[in-house]
Amino acid sequence: MAYLNFATLQGSPIATPDDVTAAPRTRTGLSALEWQVVAIAQHDRLSSLEKPGKLATALTMIFGGQRPNPELADSRLEALRRLAVHAWHKGYTVPRAAIRAFHEAGFTTEQYETLLASISRGRAALNQGNRA
């Protein structure tokens with residue numbers, strides 16, 4: 001039985017394993033912890049994004065207590081919370097500074113779009129529930 005090498009008759013292969021490299025995937029979703037931050041942000045007020053004034057600080061020192069929604073210790077999660085609070089209250093009308101801080105915290109544009117789409121669906125569901 002004779003052996004005939006057909007590889008030489010067909011020419012060079014179209015792609016070799018070295019040519020085929022997986023393109024780096026861009027993260028589009030959020031982790032479970034990040035989705036929890038988004039869910040918590042749904043109940044936060046816009047005032048939770050502001051620094052307490054001098055009077056509020058003085059009253060807290062005199063009477064004790066603490067601010068209802070202190071900033072998160074993780075700056076990345078805090079950027080996410082701040083953007084989510086704006087999105088829950090204003091929809092797609094998010095301040096540029098919040099978007100910039102979100103991206104500077106390491107989130108991608110795809111994650112931003114996923115987050116806003118999810119919050120938009122949540123807002124629509126809440127509005128449907130209020131009409132029933």
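**Close-up views of a predicted helical model**

**View 1. Helices α2 and α4 pack against each other.** Helix α2 (residues 32-41) and α4 lie with their axes 8 Å apart, at an angle of about 40°. Axes here are lines fitted to C-alpha atoms, for helices over the stretch in contact, and angles run from 0 to 180 degrees between N-to-C directions. That angle makes α2 oblique to α4; under 35 degrees would count as roughly parallel, over 145 as roughly antiparallel, 65 to 115 as roughly perpendicular, and the rest is oblique. From α2, the contact is made by L33, E34, V37, V38 and A41. From α4, R76, L77, L80, R81, A84, V85 and W88 take part. Contact means heavy atoms within 4.5 Å.

The model is predicted: local features need pLDDT of at least 70, side-chain atom pairs count only at pLDDT 80 or more, and totals for chains, interfaces and linings use all residues. Residues are numbered from 1 along each chain as its sequence is written, and side-chain values use heavy atoms, with hydrogens and water left out.

**View 2. E78 is buried in helix α4.** The helix spans residues 75-90. E78 has a relative accessible area of 5%. Buried means under 20% relative accessible area, exposed over 50%, and partly exposed in between (1.4 Å probe, protein chains only). Leaving aside neighbours within four places in sequence, E78 is in contact with E71 and L72.

**View 3. Helix α5 has a buried face.** A98, I99 and F102 are the buried residues of α5. Seen down the helix axis, they fall within an arc of 100°, so they line one face of α5. The arc is that of the directions from the helix axis to the C-beta atoms. R96 and E104 are exposed on the other side of α5. G106 follows the helix, and its phi is positive, near 105°.

View 4. Helices (H or I, at least four residues) and strands (E, at least two) are DSSP runs, numbered from the N terminus. Of the 132 residues, 23% count as buried. Among contacts between residues at least 6 apart in sequence, 68% join residues at least 24 apart.

**View 5. Confidence is lowest in α1 and highest in α5.** pLDDT is the predictor's confidence in each residue, from 0 to 100. The mean is 60 in helix α1 (residues 7-10) and 95 in helix α5 (residues 96-104). The chain averages 80, and 72% of the residues score at least 70.
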